[in-house]
Amino acid sequence: MQRALARHLKEGDVVLSDLYTSWSVPVDTGAKIIALYHSAPHVRDNRERVKALDDFFNAAASNETRKKIMEHYGVTHVLLNFKIGGKEIEPAVRNMELQVIECNDTMCLFSVPPAGDARAFRDTRNRSSRDT
């Protein structure tokens with residue numbers, strides 16, 4: 001998956017993933033991540049960022065909560081590691097109609113539409129007729 005990440009991610013992209021999977025993303029791709037596994041003095045709000053990841057990966061979280069987190073941090077990509085909790089939320093993330101860029105047995109990389117894109121963050125569950 002690291003080669004795929006290097007093919008699809010570039011400097012300036014913002015990747016939302018779990019703390020452990022995120023660790024190597026900047027090294028391999030130049031992309032930014034939401035939170036660090038360890039505290040870093042130059043990231044003053046790392047605790048809040050870690051909590052945001054916990055909220056995002058909570059299987060009971062709504063896609064509205066996930067959307068707000070992605071918007072707040074300017075996320076361009078979501079990376080799910082199926083060995084570390086990503087499998088539990090994969091159906092919910094897919095319901096947001098993010099574009100699947102690369103997927104295998106262990107991970108899945110999604111592209112997030114730019115803010116203002118009409119397709120951004122559509123949740124296809126529980127849609128009423130007025131939403132279509």
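Arg94 is partly exposed, with a relative accessible area of 38%. In this predicted model, the side chain of Arg94 meets that of Glu90 in a salt bridge, 2.8 Å from N to O. Glu90, at 10% relative accessibility, counts as buried. Salt bridges with shared partners tie Lys87, Glu90 and Arg94 into one network. Let's start from this network and then work outward through the rest of the chain.

- Which residues of α6 are buried? They are Gly86, Ile89, Glu90, Ala92 and Val93.
- The cover over these buried residues includes the helices α4 and α5 (63–73), along with the strands β3 and β5.

- Look at its backbone: Glu97 has a positive phi of about 60°, although it is not a glycine.
- Is Glu97 buried, partly exposed or exposed? Its relative accessibility is 35%, so Glu97 counts as partly exposed.

**The sheet**

- In what order do the 5 strands of the open sheet lie? The order is β2-β1-β3-β5-β4, and the pairing is mixed.
- The edge strands are β2 (32–33) and β4, each of which pairs on one side only.
- α6 packs on this sheet, where it touches β3 (77–81), β4 and β5, and the direction of α6 makes about 145° with that of β3.
- β4 pairs with β5 (residues 107–111) in the antiparallel sense, over 4 bridges; to find one of these pairings, look for Val100, whose bridge partner in β5 is Phe110.
- On the parallel side of the story, β1 (residues 14–16) pairs with β3 over 2 bridges, and Val15 has His77 as its bridge partner in β3.
- β3 and β5 run antiparallel and are joined by 5 bridges, with Leu79 standing opposite Leu109 in β5.

**A closer look at β3**

- How many of the 5 residues of β3 are buried? The count is 5 of 5, so this strand is mostly covered.
- His77, Leu79 and Asn81 point one way from β3, Val78 and Leu80 point the other way, and all are buried.

- A search of the whole structure finds 6 salt bridges.
- One of them joins Lys10 to Asp13, with the closest N and O atoms 3.2 Å apart.
- Lys10 is exposed, with a relative accessible area of 53%, whereas Asp13 counts as buried at 6% relative accessibility.
- Asp45 and Arg49 also meet through their side chains in a salt bridge of 2.8 Å, N to O, and Asp45 counts as partly exposed at 30% relative accessibility.

**Ala6 and its contacts**

- Ala6 belongs to helix α1 (residues 2–8) and counts as partly exposed, at 41% relative accessibility.
- Which residues does Ala6 contact, leaving aside its neighbours within four places in sequence? They are Asp28 and Thr29.
- Ala6 and Ala31 are 25 residues apart in sequence, and their C-alpha atoms are 9.3 Å apart in space.

**The surface**

- Tyr20, Trp23, Tyr37 and Ile84 make a nonpolar surface patch of about 470 Å².
- Tyr37, one of these residues, is found in the loop between β2 and α4 (46–57).
- The accessible surface of the protein chain comes to about 7,800 Å², and 48% of that belongs to carbon and sulfur atoms.

**The whole chain**

- The protein chain has 6 helices and 5 strands, which follow the pattern α-β-α-α-β-α-α-β-α-β-β along the sequence.
- Of its 132 residues, 42% count as buried.
- Among contacts between residues at least 6 apart in sequence, 53% join residues at least 24 apart.

How values were computed:
Residues numbered from 1 in each chain as written. Predicted model: local features only at pLDDT ≥ 70, side-chain atom pairs only at ≥ 80, totals over all residues. Heavy atoms only, no water. Buried < 20%, exposed > 50% of the residue type's maximum accessible area, 1.4 Å probe, protein only. Pairing = 2+ DSSP bridges. Contact = heavy atoms within 4.5 Å. Axes fitted to C-alpha atoms, helices over the stretch in contact; angles between N-to-C directions. Patch = residues over 30% accessible without salt bridge, like charges linked within 9 Å, V, L, I, M, F, W, Y side chains within 5 Å. Areas by Shrake-Rupley, 256 points an atom, 1.4 Å probe, with all protein chains shown as cover. Salt bridge = Lys/Arg side-chain N within 4 Å of Asp/Glu carboxyl O.
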